[in-house]
Structure formats: structure tokens, C-alpha cells
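Here is a short briefing to read alongside the structure.

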Amino acid sequence: MSAITRDDVAHVAMLARISLSEDELDRLAGQLDQIVDWVGQVNQVAAADVPPMSHPLPLTNVTRPDEVRPALTAEQALAGAPEAEQQRFAVPRILDED
Amino acid sequence: MTETTTPAAGEELTRLTAAAMADRLTAGELTSEQLVHAHLDRIERLNPVLNAYLRVDAEGALATAREVDAARAGGEQLPRLAGVPVAVKDIACTEGLVTTAGSRMLAAWVPPYDATVVRRLREARMPILGKTNMDEFAMGSSTEHSAFGPTRNPWDLDRIPGGSGGGSSAAVAAYLAPLAIGSDTGGSIRQPAAVTGTVGAKPTYGGVSRYGVIALASSLDQIGPCARTVTDAALLHEVIGGHDPMDSTSIDAPVPPVLEAAGTRDLTGLRVGIVSELTGEGYQPDVQARFDEAVAQLREAGAEVVEVSCPHFRYALPAYYLILPSEASSNLARYDAMRYGLRVHPEGVDRPSAEQVMAASRDAGFGDEVKRRIILGTYALSAGYYEAYYGQAQKVRTLIARDFEAAFEQVDVLISPTAPTTAFRIGDKAEDPMAMYRNDIATIPANLAGVPGLSVPAGIAGDGLPVGVQLLAPATSDERMYAVGAALEARLAAQWGGSGSVLDRAPDVSALVDAFATTASSADREVTA
Amino acid sequence: MTTTSTGTPARVVDFDDAVARFDPVMGLEVHVELSTATKMFCGCATTFGADPNTQVCPVCLGLPGALPVVNEGAVESAVRIGLALNCRIADWCRFARKNYFYPDMPKNFQTSQYDEPIAFDGYLDVEIPGAGDSGEPPEVFRVEIERAHMEEDTGKSTHVGTSGRIHGADYSLVDYNRAGIPLIEIVTKPITGAGERAPEVARAYVGALRDLLRALGVSDVRMEQGSLRCDANLSLRPRDDAAQQSVPFGTRTETKNVNSLRSVERAVRYEICRHAAVLDAGQAVVQETRHWHEDTGITTAGRPKSDADDYRYFPEPDLVPVSPSAEWVEGLRATLPEPPAQRRRRLQQDWGYSDLEMRDVVNAGAVEVIEDTVAAGATPAGARKWWTGELARRANAEGREVTDFGVTPAHVAELDGMVGEGRLNDSMARQVLEGVLAGEGTPTEVADARGLRMVRDDSALEEAVDAAIAASPDVADKVRGGKVQAAGALIGQVMKQMKGQADAARARELILERLSPPE
């Protein structure tokens, strides 16, 4: 298993929306290289026929009835907002629509 | 009976078990207000050094206490633990009370809602003393990764109290609370219990609602009790356990009869399995010695002890350090400075975009360990790597669950040391994340498989620090680990004498704190986390 | 959002020329907002137009600690949609997280289905008008459905700044009321073989889907409110009539948020013409998102597809799998409405419409509204006349629906009744309809206010008839001589004198009475 490079870390940091400083990039690249190499041990296990386990318990069909429950008030919803205006969350300009 | 208590009498009150507090409240020998005051006094004296609590809610706790006292005086029938104070790990949302998850990102965030576990404490009418310190977003085994400074171990102020729930374990061990709520994703209740000489239980996955508990890794997280005795843990477990329609992964069945099980003394006919992969090499010799003695006690209590092998446990750590960061990278994506939390504008950027503000805020708001794991998890899920990392880890997880199934066909409970070593020194592993990760080697398999685990004190190592042993039971059979834990606790108590608590042999934390405070002015005692 | 087009229009090739040389391949993705009472994963209400951030809770705001729980009503709607689209229903499926950062998405991941949709492998037969204008029977075109899956909607941003557009905005304001509303995404397999009729097929498919969803009662399907949204993928490949199916697909573009039936047709048509021009110039089509501009009728480039689109899907650990039982699914199958095509045939027969008339009704999107109008008491002929006349012309010209102008089935039934009773003649009825369209009230109110009423008093009419005969003795003689059709000129004079407020049929009767040839 190929290990993680500094460029990989920079790319992944972009995906994860963390603007790492150059120092952080250097440090993390070194640590993650080791860690990725270590966690890569999972590939030593022959598990081709083994189903992946995404839930610890075999539950299915947990749903709720389609009934309205009390909402927060707009004041509660916006109480933690860094900025709010016109009862909406104010956010910096958005670069592009998806 | 008076509302004011002498300091010495207050100290005495804090030493009671939660069960004894409840009994004396019921008998009218004590008021909740006295109890809360006694704890608040002690917190005021010791917390500035221990840093077990991030926030103390004296007003709220006293208000609840007075309501309970009035209700009791009015002859109202109250829940068993009504009036017994409790501390809550700062990972559970408390309406109107700042909840940080140990992160700078949420340093000033006030939740508009209560976690289900908090609501249940309120319904049980337990005064909430405050919010306890933790590794940021529960990532760590030492509480050194808290954005608000490390918590100190009451046994030795230079040592870690375990993590991520070191605040809760230290609070309980230092008699700053009789009970506390913890969360356990890879050992964050059990390992702190072990290194502070307390009891901590991770229930079966889904046994306690996760609603309102800030998520680390959704498929691994579980909420549980921290206490000083097995019975106390069981009492709190029964308060917080049970089905919650707000958590899709909550088990829709009655809480296992853990309190009843905590009365067990005789283990005749019970089969206990020593997990051969979780002993021996890598374990501190006197940790291993205390473990062997505990096993001998179980034999004397009538248990049949055999060794069982769980061959895939050796891959548990790598699998865990793929699954946890992957889920965490997604769970922590919401901290983006748009709706709540820290917002930082990047330096030297005119009219920054939302994207730039997000990235700058996440760099400033998250600590190193959190960033490390987010990057690792994002990488493990990204195109081209998913199958080799996340996908393969989930397969290994299946194999680990199968190892448990096979083991539980042979035995009723499994046993291992809870942590490979006693509490290490603050700062010792700060620069070596992998060494920190290896601390969770014995606790992680239970989270991967969703089975319950309990850590109980097993004595003291040569370094004068406590050691814990871990009992593991099949999913939804939590009562089995409580039964074995209680029997072990009773036998060790008889052997140790006194109150029977290993905490009796801890140094006087008040003296340690006083000594620390007088020398703390020198910079060399300052610890870098 | 974006209402003004940017950049210079791309070069395009004439449509007929483009489809003569290239074979269009389409893929249509339709997002339908379900009309459940609550959101996909929480109990917040879904009412359209509520005050901002009043239908939000910890779950749909993505607050720390909040957890989702699946709305069983949404699962039921999803299964019914799947069944109505002739899909197979998964016996076990999961939700996944689609991870990407965007301020209108509270968790910065969308909880969606990924490789395990609840419904898959279906089809929808759509009718496109027969070729030519002579009322040939419609052609049936089968659109294969790849999948229908459940997901959640995002919040809504308003961009604040000088331009009011996303580019150049100073900041944005976000309302999360829409965040978490249940969406079903319905994705077709590549639609091939439509040739020059591809734009019509696209429109007919979205229209048929809309009718089906409306009949199922699972969504408001209001394209102008965004409760039904279409993204159109298009690529061209060289035409090869001998072995068209073996020619590989070209590079596709995805045109987003094409929000009326007419726009679906226009956008596909435009992209065909634009792709052809790019290919003719020897260039490669860029795989990208494109934005449709309703006003100018063109698309402009959006974000190119890139490695930033790494959504890191993984199974949603906060939700457990959905496993619909066979009994439940069969029970839901029994609740399905009559398929729209079958229903249309039945209604055509009941109403006595010709194929051509029915085609106009279907094209006007007026089947349901005529059904409601007939139910309200109108004659089928009257209902058709009004809905496919002025209202359909307006709807078509403005790219809206016939029901968008404030005229209701009850209004039309009332109007039709007034004509049937002889209270209004045709031209008066048109004036009344204008009044209703102008918001002057119900047909009766408009007629009263405008003083529109046919004169029933024969004495005034008889006077006018006598006057007309006296004024045109030569015409009268012709009628007397047996040229009955010459009476038309006299009727015209009578109506003129009566200022239009007379029953022309009665006038004719009176004229013929007076001028009847001697026995």
C-alpha cells in the first residue's frame, strides 16, 4: 500500500476544508505517512468473502410516523449564528452554485 | 437537620456512594441541597488545579436540589436517584448551558436542546453539577487534547486521568461528583476509569440514546455511567438506558437488569474467558499481575476460567483508526462557521468567500489531533482508497464480531486488563500519536463489535497508581459484566478492608492540590498539552 | 437565483441540420419534493412559504448531537413511485452520506441513497404527438428508469449585493426551512433512439412523470415552486443509421434546474444545437454543469466536473437499513392509481373527444383540470373549449400551466352553465373570462358588474328584426325566395343594433318566421 504524500495531504485538506499552514502540512504528511502505513495492515487479512459491517446491530426499518413535531423558534435557531440578517443566517459570498 | 454543613461534614458527604446518598435522602437524613453544596465547595477548592469541570452550573444544580427537597418534604414519590448530583461530560448537549466538546470551535456554543441522556437525568431529578473536560471531540486517551487545558489525575497531578473522558473520571475519583456521564467510542469511559481507580461501563451499542451527544464516530459511540462502585454505575445505567425514538440505532427493548446483577457475589457455574490476544506482551508487568490476581479471585468466587483466542483482535486497532476517522471526518464537517461556532476570516484576504472562511475557521477551531483524524478519514474515504481502507476495515470489523460470537459460545464473559499501562505522565505521548492510539488496544474491540464492557478497579501497581480490569459481555447481556464486576469488587473489598474502595489508598488530593498550587507559580510545572 | 445570462451566446447549428448528422442521447434526472407533512429525517413541517427558519430543529439545522430518523410516509411514497414506474423494489437498502461542503447544506453531507436505491429498473411509457398536424395517433416512447432513490433537500440562499446574483454577491442569507424536505430523485437510463424528436420526448417524459406523481398524490409537482426540478444530460454521437446502437456515447453536459415543461424541450434542443457546433468545429465537448436561462433561451457554462467532486460516499451509520416486506409492497401496489395513459383513453371515451381534441387537451396539460371541471358540472365540450382555448394559449406563450392564472374548474363550470342556460352568448362568455382572468371575481360577479346578459325580452328583439328587414328589402326578398343563408346578413344587423347582447339563434328564428315563403 503506497503511503501518503505531502500532495495527498494538501488535496485531502482541500476536500476537508481545512486551510493547513505549510508547517502543518509538513508535520501532518510525516505523521500520516506512518499512520496510513500502519492502518494499511487491515489489508493483510484475507477477507474477500467477508461482508462489510456498517452497523453493530442488525436493526432494520426504524422509522417515525409522518407527524409534525414542535420546531425551534427562529430566535433559537439563529441564536448561535455568527451573523444573522432578516431572520436568516448571513454567510460570506458563495463562489459557485453546485 | 440544618441546611448548612461544616466543611468536614461536607467532605464526609462527598465520600458516600450514590446508593448511600439516595438512601439517606429517602430517609430524610440529608437534603439534596446539602449534598450539592458539599460538592460545589469541593469543586471550588480542587477544580482550579484538577480542571475536571469546564463549567460548573451551581445555580442550576441548587435549583434542582431545592425542588427535589421541597417535593420530598411534600411527600411526593421520587425516582431513586432524585437529589443525587451528577456531572455530565461536555459532549452531551445541555439546553442553555455551554457545550464545547472540548473544542475551541464550540467555545461559546449554547445548545437550544437537551440530549436525551440529559433529559433523563432531569426526569430522574438529579442535579447537574456541571460539564466535564474531555479530549477535543473525544479524540484522545489522555484529555490532553482538550482546547481548555488537560485534566489532572487525582492520584498524581502530573499524570493523565485517561481520555477522552478524563474530566468525568477525575471528578468521580476526586469526589467532585458521585456519578458522571461518559461517552465511549474506543474506551473513553473504561480506560479513564481504570487509570483513576473508578468504575466505568460502556453499555451495548444502542443501549443508551446518542441523541444530543456530539458525535465522534456514529457506529462506535456509546454513552455510559462513571461511578465509584459497580452498584452506583448500575443505578445510573438504569436511569439513562432504554429506547429513544430520536435515535434510530437505539435498542427497542427493556434495559438489561444491571442493578439486580450488581448484587451478585457467587459466580458458580459461570464461564469466564481470558482473551489471550489481550494479555502478556505490551502490558505493564504489574498491570498483568493485578489482572492475574483478579482472575484468581473470580475462580475463588466459583467461576470457571478458560483462555480463548480472538485472532482478529490484532487488527482491531488499525481497523478502528480507519473507521473512526472516516466517520468523524463526516460528522465534523458541520463545523464550518456558517450556522454556529467559531468564525474566523482568513488573514490578508479581502472579501473572503464562504469556502475560504470555512477553511480558515476549521484550521483555527480544530486542534492537531482532530485535524489529523479528519485528514486521515477523508483520505480513507476518498476515491480510489475506499475499498482498501474503509471497506476493508469494515470487513475486519465483521471478523472481529465473529471472534466475539465464537468466544461467547464458549464462555459467558470475557476478561482482560482495561489498559496496558497505568496512567502515563502528561506530555509523554503528546508527540507520538501512534503510542497514544495503542493505549486503547484492549477497549477498542468491544466498540467495533458493539458489545458492552465494564472496567472495575483491580488494585494498585508498583508505581502507586490504580489498575483496572475489563469485563466484556455479549450484546444486550450487559447484566453479565455487572454480575462478574460486582462479585470481583466485593471480594477485593473484603481483601483490602476499610471502605473497600481502591480510592481509600489514593493520596489525599486536597493536600496534592495545595502543594501543587504553592509551587505552580514556577513555569516548569506548566504542561504543554 | 441566476436570471440574467452571462457571456456571449455560444455558436449553434440549425436543429434540423444537427439531428440529421448526430444522434442525441439524453439522461433525465428529476427531483421531486414529496408532499409529506414532515421532513425526511425530522418532524419539522414542510409548508411552502413559511417565515424563514421557522420550520427547523436540531436535526435539519445539523446542530451538534442531532440524529436523523426516517419518515415512514416518505418511504411509502418512494415505494409507490417506484411501483408506478414499474420498478423493482429493493428488499434491503441503505442510506449513504454524500460528503461535500456547501453553506445551504447544514451537515455538509447530504443523506441520500447511493448504490442501493429503494427502486430500480423500471420504465415509463410516454406519448408524443403523432407526426404531422393531421391528428395521427400519438406515438408511444418507452423511457427506461435506472433508479428512484430517497434523499433530502438543501436550504435556500438569497444573494445580497449589487448584482443580486451569485457571482459578485457580497454575502448570502440562508433559510433552512427547505433543508431536509424529502426528495425522490428519479434517474433515467440513457434515452436513445429519439432522434430529432428527443426534445419532445424529454418534455413528454417530464410531463408524464408529473401527471403520474400528481395522480399518486405524493407531490405538489409545481415546477415553478421547485417541487419538481429537472436536470437534463445530453450528448451527441455521430449518426450511423446502420448500427446506431453500437456507436459510443459522446461527452455529456448536465443542464441544471430546467423548471418548466417548455424549458425542458427548449434546453435539450439548444444543447443539441450547441454540441453540434462544438463538434463541427473539431472541438471536444467539455463535461460540465450548465445553467439554463429562461429569458434568453440559452445555457451557459457552470462548474466543470473535477476531482473536487469526490463525494466520499459511505453508508450512513446513524440510520439502519430499510427493508420493505413483500406484503407491504404488494399492499401499496393495490393503492396505485390507474396509469395515466389508460386513464386518458377512458376519459376520452367518456367525454366523447376526437383523437385530435384529446391530443390538444393532453398537450395543454389539461386532463386533470377538465376532469375537475366536468365534475363541477360543466359539459365535457364546454370544459375542453375553455381550457384549451385562451387559457392554453396564454400558458404556452408564458411557459406556465393552464391552472396558473387564477381560473378554477368551478369558474369554468359556472361560465359553461351560463352559456348553456342562454344567459351568455359566446362573445359575452369570452369577455366574462377576461374579467375572471383580470381578477374581477367569479363569472357571475363579472357578468353582473359588466352588465353582460343576453336580452331575453323578445319585444326588443322583434323590433330590431323588423327594423333590419325594413332596412334591407332586397336581402329579405332573397330569404323569402328560399335563400335561407342570406338571413345571416340580417342577423348581423340585428346583433349590431342589440350591441351584441342578443341570442343570435333566436334572432334567426324570428327572421325566418317573418320571411317564411307562403305555404
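In chain C, the centres of domain 2 and domain 3, taken over C-alpha atoms, are 32 Å apart. Please keep in mind as you read that this is a predicted model.

**Chain C overall**

- The domain assignment divides chain C into domain 1 (15-332), domain 2 (340-450) and domain 3 (458-514).
- You will find 17 helices and 15 strands in the secondary structure of chain C.
- The C-alpha trace of chain C spans about 95 × 55 × 55 Å along its principal axes.
- Chain C has 519 residues, and 47% of them count as buried.
- Among the contacts in chain C with a separation of 6 or more, 70% are between residues 24 or more positions apart.

**A hairpin in chain C**

- Strands β13 (residues 288-293) and β14 (residues 298-304) of chain C run antiparallel and are joined by 5 bridges.
- For a landmark in this pairing, look at H291(C), which stands opposite T300(C) in β14(C).
- The hairpin of β13(C) and β14(C) has 4 residues between its strands, and G297(C) takes a positive phi near 70° there.

**Where chain A meets chain C**

- Chain A brings 33 residues to this contact and chain C brings 42 residues.
- On the chain A side, the elements giving two or more residues are β1 (63-64), α3 (74-78) and β3 (88-92).
- β3(A) gives the most to that side, with 5 residues.
- Sorted by class, the side of chain A that touches chain C holds 15 nonpolar, 7 polar and 11 charged residues.
- Strand pairing also links these two chains: β3(A) pairs with strand β9 (residues 171-175) of chain C in the antiparallel sense, over 4 bridges.
- Within that pairing, F89(A) has V174(C) in β9(C) as its bridge partner.

**Where chain B meets chain A**

- This contact draws 60 residues from chain B and 47 residues from chain A.
- On the chain B side, at least two residues each come from α11 (316-331), α12 (354-365), α13 (368-381), α14 (387-410) and α15 (433-438).
- The element that gives the most to this side of chain B is α14(B), with 12 residues.
- By class, the side of chain B that touches chain A is made up of 35 nonpolar, 14 polar and 11 charged residues.

Conventions:
Residues numbered from 1 in each chain as written. Chains lettered and ligands numbered in written order. Predicted model: local features only at pLDDT ≥ 70, side-chain atom pairs only at ≥ 80, totals over all residues. Buried ≥ 20, exposed ≤ 12 C-beta atoms within 10 Å, placed from the backbone. Contact = placed C-beta atoms within 7 Å. Domains from an automatic or database assignment. Nonpolar A, V, L, I, M, F, W, Y, C, P; charged D, E, K, R; others polar. Pairing = 2+ DSSP bridges.
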